[in-house]
Amino acid sequence: MKLVTRAQLGWPASQAPAQAGTKGVKVHYEGSPVSTELLKDHDACVAEVKAIRAAHLANKKENYSDIAYNYLACPHGYLFEGRGTGRRTGANGDQALNRGHYAICALVGSAGLTQPTDAMLSAVRDGIELLRRNGAGDEIKGHRDGYATSCPGEALYAWVRKGAPRPNATAPAPAGGGTKPSAGTPSAGTKTSVSLARLATAARRDPGLKQGASTYPADVRPVEAALRAEGLLAGSYATDGSFGSVTVRAYAQWQRRLGYTGAAADGIPGRASLQKLGAKHGFTVT
Ligand SMILES: [Zn+2]
Ligand SMILES: [Zn+2]
């Protein structure tokens, strides 16, 4: 679990009322448009969470003492501590509903960023399990259950109705930010191999081609799948086999995550960064 605490956000202890137990957890979304910039820049996620708290504190009608949610989940799989455990939410609609369920908000909205990433769903799941260890019952519901609202949006609500399963069961466990060494994928025997030379060529050429065109799709696809599992690439870009500008930006983010900066994080795959990605997501580099 990749937890971002209130202290890390620079917030004081929550003054929200205590709530030792609930029937379960309700899932929310932002309800307004959310920028797809969040996909490219985790700093934007941090700013988004801080803006949500500021908006809630400024809401005179509700007279909030704190951000309304117990936790929030970003596209990169981080779980942000809102009110945290043992606190009543202010997000579910009325006092009875707030006593009934804790609340987790995924950073997707009504337009722009509407599709949760696998990493985001994992983070919501992390939050549900954390709340369950601290008094939440088994129920998993959406804000719209028992209250007239579109929240948490179609995509999230469909996932909630399925019981909010942890996605990516085939990928190395994302919980704990854990780096299970070369856990690999279930493609037993025939391990996918990716050519570094072909991939680097595609990363230089594909952004100049027309949208979705690709030079070496068979080499690009496993890398896109790995970037998607890392929460760096979403939606239709994730599997098109084209190393276009969106994929270049996602790869640059992977490089920065490994500590590269400047020209070493230009989004063109190098051997070291690609081998690390492959070791984590089950492909070899030739
Ligand atoms: Zn809601
Ligand atoms: Zn993020």
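Colleague: Which residues are the protein donors of the zinc ion (ligand 1)?

Modeller: In this predicted model, the protein donors are His-28 (ND1), His-143 (ND1) and Cys-151 (SG), lying 2.0 to 2.3 Å from the zinc ion (ligand 1).

Colleague: How are the donor residues spaced in sequence?

Modeller: The pattern is H-x114-H-x7-C.

Colleague: And Cys-151, buried or exposed?

Modeller: Buried, with a relative accessible area of 5%. His-143 is buried too, at 10%.

Colleague: OK, new topic: helix α6. Which residues are buried there?

Modeller: Leu-156, Tyr-157, Trp-159 and Val-160, in a helix that runs over residues 154-161. They cover an arc of only 160 degrees around the axis, so they sit on the same side of α6.

Colleague: What do the buried residues of α6 pack against?

Modeller: Against β2 (22-28), β5 (101-106), α5 (118-132) and β6 (136-142). The face turned away from the buried side carries the exposed residues Glu-154 and Arg-161.

Colleague: Switching to charges, how many salt bridges are there?

Modeller: The count comes to 11. One of them joins Arg-228 and Asp-118, at 3.7 Å from N to O. That pair links distant parts of the chain, with Arg-228 in helix α8 (residues 217-229) and Asp-118 in helix α5, 110 residues apart.

Colleague: What about Arg-125 and Glu-129?

Modeller: Their side chains meet in a salt bridge too, at 3.0 Å from N to O. Both are in helix α5, and they are separated by about one helical turn because they are 4 residues apart.

Colleague: Which residues are linked with them in a network of salt bridges?

Modeller: Asp-126 and Arg-166 are linked with Arg-125 and Glu-129 in that network.

Methods. Residues numbered from 1 in each chain as written. Chains lettered and ligands numbered in written order. Predicted model: local features only at pLDDT ≥ 70, side-chain atom pairs only at ≥ 80, totals over all residues. Heavy atoms only, no water. Donors = N, O, S within 2.8 Å, 3.2 Å for Na, K, Ca; no water. Buried < 20%, exposed > 50% of the residue type's maximum accessible area, 1.4 Å probe, protein only. Helix = DSSP H or I, 4+ residues; strand = E, 2+ residues; numbered from the N terminus. Arc of directions from axis to C-beta. Contact = heavy atoms within 4.5 Å. Salt bridge = Lys/Arg side-chain N within 4 Å of Asp/Glu carboxyl O.
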